[in-house]
Structure formats: structure tokens, C-alpha cells
Amino acid sequence: MGAADQGAVQRWGGRRVSRVNMAPMNPLYRKARFLLSAPDLRHLPPDTGLEVAFAGRSNAGKSSALNTVTGQKALARTSKTPGRTQQIVVFPVDEERALVDLPGYGYAKVPQKVREHWERALPAYLEERQALTGLVLIMDVRHPLTDFDRQMLAWCAHAGLAVHVLLTKADKLKFGRANDTLRTVRKTLDAEFPGTSVQLFSALKQTGVDEVHAKLDEWFGLATDEHG
Ligand SMILES: Nc1nc2c(ncn2[C@@H]2O[C@H](COP(=O)(O)OP(=O)(O)OP(=O)(O)O)[C@@H](O)[C@H]2O)c(=O)[nH]1
Ligand SMILES: [Mg+2]
């Protein structure tokens, strides 16, 4: 880990957010590589090891979040056009663990056939995939908890799958507004989907990255009990 990582200070809304006492990025995530793009569940790699999937509405910022989390500019393809990721894309970080980019939902212009396919395949993946350990649910901080997001949360609850929500594009709101949204969303999740964690995130400003890493470490069995 370089000195730049260790003593990094993030600026946001004019405030300094010190990262000095936070855990350094697990170098594992930088090792993520493209393995395959699966048009349906049958084409996924064998159902062993541990997977964490990134899901969310089309254009919410899933692929960008994946790139930020892995410290790579162009691992997952991002686009201004919604509906870019229409396959399940698998990025192993080591022999037992993988990050997965799921197709975005809720985009009207995706052909009906494709939409219907994923409306069946997504809940099946959440329900049946043994390797799936947790789901990172990406929501635009300006439009959180859409009907589609709630549907996703309900499927995960039904499948007994842990969910961590990223309220992304936080750079688009003032510090105070973003935090108000965080509090409101946290309250709703506590009431309707207990156990779901939530945080602010920005791929553009690279904020909230340590918090996602801590959650991934936990799900991937990499969390340490180190103090200090
Ligand atoms: N300002 C800002 N823009 C972002 C952020 N994250 C993503 N974007 C932009 O949002 C758009 C969509 O980002 P993607 O990461 O491709 O979104 P996606 O959810 O993977 O989209 P699909 O694959 O089409 O479902 C792109 O123009 C990104 O540059 C962020 O944190 N801040
Ligand atoms: Mg994408």
C-alpha cells in the first residue's frame, strides 16, 4: 500500500473526510479480470466458490461502480445509453471468488423478449445460485427505491440473500441532501427489508469505496479482526 492510500483525504462538499484510520483496499479486488459474458444461467461457470453480484436499474451506475471498486478504468463496460449490460458478466478476483455484473432492469426500450427473459432469469439466479453470497444493489441517489428496486429487494428477501445498497452518483447532490437521502432510505429499509445495509457512493469522485470493500471482505470471508 502506498503512502497516498494510507493518508488519503477525500474532499466532498467542502468537508475533509479522513481515511487515515480506515482499512487499506484489499489488493485482491484490483486483480479482477473478465472471464465470460453469459446470455443465460446455463452459460455461467460451475456453481462453486463465492460470488457477489452488482444489480440495479439500467443506467444506475453498476458497471461504473464495479470499475471503481476494482480500481480499473474499463473492466466493466459503461455507457450513457441505458441497457448496455444485457448479459451476466463474470469477473473472478481469485480462484474462489468473483464479482458479477447483472443486466440492468427497468429500461423500457429493451426489446420485450429480452425483458421477459431477464424477468424470469434474474429471480432464478438469485434463488438458485449457490455461490451467490451477497448482492450490491445500485440506486441513483436522486431516484432511490423505485418499484423495480423494491421488486429486487423482495426477491432477495425471498431467496434469503444479503443486500448492500449503494446510493451512487452522490456527487450530483450537495453533502446535506445526500445525507438526508441516506437517512430516509436507511429508515425505509430497516422497516421493510431489515438487515439491508446502505451507503453513499460516487464512482466519479471515488467516495464510499472503503465501505464497499469492507462489505465485500465480509461476504468473501476476508474480513480481519485487526485493530489499529
Ligand atoms: N456523476 C456521476 N455519473 C456516474 C456515476 N456512476 C456512473 N455514472 C454515469 O452514469 C452512466 C451509466 O453508468 P453505467 O455504469 O454504464 O450504468 P449501468 O448501471 O452499468 O448501466 P446498464 O449496464 O446500461 O444497465 C454513465 O454515463 C456513467 O458515466 C457517478 O458516481 N457519478
Ligand atoms: Mg452496465
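1. Let's start with a pair of residues: Ser-37 stands opposite Val-89 in β5. Here β3 and strand β5 (residues 88-92) pair in the antiparallel sense over three bridges; two strands count as paired if DSSP finds at least two bridges between them. Strands (E, at least two residues) and helices (H or I, at least four) are DSSP runs, numbered from the N terminus.

2. A quick word on the model: it is predicted, so local features need pLDDT of at least 70 and side-chain atom pairs count only at pLDDT 80 or more, while totals for chains, interfaces and linings use all residues. Residues are numbered from 1 along each chain as its sequence is written, and chains are lettered from A and ligands numbered from 1 in the order in which they are written.

3. Now the whole sheet. Seven strands form an open sheet with mixed pairing, in the order β3-β5-β6-β4-β7-β8-β9. At its edges sit β3 (36-38) and β9 (197-200), each pairing on one side only. From one strand to the next, the twist averages 25°.

4. Helix α4 packs on this sheet and touches β4, β7 and β8; contact is when C-beta atoms, placed from the backbone, lie within 7 Å. The direction of α4 makes about 165° with that of β7, where angles run from 0 to 180 degrees between N-to-C directions, and axes are lines fitted to C-alpha atoms, for helices over the stretch in contact.

5. What about α4 (residues 147-159) and helix α3 (residues 112-128)? Their axes come within 8 Å and cross at roughly 30°. That makes α3 roughly parallel to α4, because angles under 35 degrees count as roughly parallel, over 145 as roughly antiparallel, 65 to 115 as roughly perpendicular and the rest as oblique. Pro-123, Leu-126 and Glu-127 of α3 meet Trp-155, Cys-156 and Ala-159 of α4.

Conventions: Two residues are in contact if their C-beta atoms, placed from the backbone, lie within 7 Å.
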